[in-house]
Amino acid sequence: MNHPFYTHRQYLIEQIEKLDLTQPNIILEFGTGIGSGDVFKEYADKYPLLTIISYEHDVEWFNQMKTQYESTNYIFNLIEWDNFDYNSLKNKHYNIIFVDQGIWIERARTVDEMIDNSDVIIIHDFDYFNKQDSGFIQGCSNIYGTGDDTYWGYNYNSIMNIVAYSELLPPTLIMTKKLQ
């Protein structure tokens with residue numbers, strides 16, 4: 001399905017394609033959506049060893065997405081971000097974490113909480129955090145950048161390789177663990 005806001009799809013597919021899908025893999029999805037749901041459902045149906053675990057807070061949206069996409073290995077969870085306990089997820093390693101919650105502050109919290117549990121984190125609409133009026137950073141020179149004056153660069157450049165894709169908006173950010 002094509003839609004102007006589904007700019008993250010090609011990068012999501014690229015990262016999934018890098019996995020050995022003949023082996024067990026786990027992807028976490030924070031914030032469900034049609035753009036990612038179509039991709040995840042297609043891969044879940046094709047690769048039974050791939051598990052996608054999705055978290056959503058909006059009841060109506062959760063019900064719509066669950067009805068449309070849920071399968072034995074694409075699992076949906078209705079949660080409240082205000083009291084979501086990430087500790088229950090921190091005992092595993094996840095191949096990919098996709099971050100696209102509707103609540104901005106929760107995107108940042110998710111990355112902070114889960115940064116040590118995945119080698120690949122994909123963030124859709126990352127530019128919001130670099131905007132002057134977002135309250136996350138002061139004086140960013142390029143809202144689509146990844147330098148140390150950006151929210152993501154300032155917080156994660158020391159431990160992650162960060163690549164920004166902003167040719168199509170909204171932009172997508174891919175962070176991969178630096179080799180130690």
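Analyst: Residues are numbered from 1 along each chain as its sequence is written, and the model being predicted, local features need pLDDT of at least 70, side-chain atom pairs count only at pLDDT 80 or more, and totals for chains, interfaces and linings use all residues. Side-chain values use heavy atoms, with hydrogens and water left out. Strands (E, at least two residues) and helices (H or I, at least four) are DSSP runs, numbered from the N terminus.

Five bridges join β5 to β7 (residues 172–177), and these strands run antiparallel; two strands pair if DSSP finds at least two bridges between them.

Strand β5 (residues 120–124) is largely enclosed by the rest of the structure, because five of its five residues are buried, that is, under 20% relative accessible area, with exposed over 50% and partly exposed in between (1.4 Å probe, protein chains only). Val 120, Ile 122 and His 124 point one way, and Ile 121 and Ile 123 the other.

Ile 123 is also among the residues that touch the most other members of the largest nonpolar core, which has 29 residues. Such a core is a set of buried Ala, Val, Leu, Ile, Met, Phe, Trp, Tyr and Cys residues joined through side-chain atoms within 4.5 Å. Elements giving two or more residues to this core include β4, β5 and β7.
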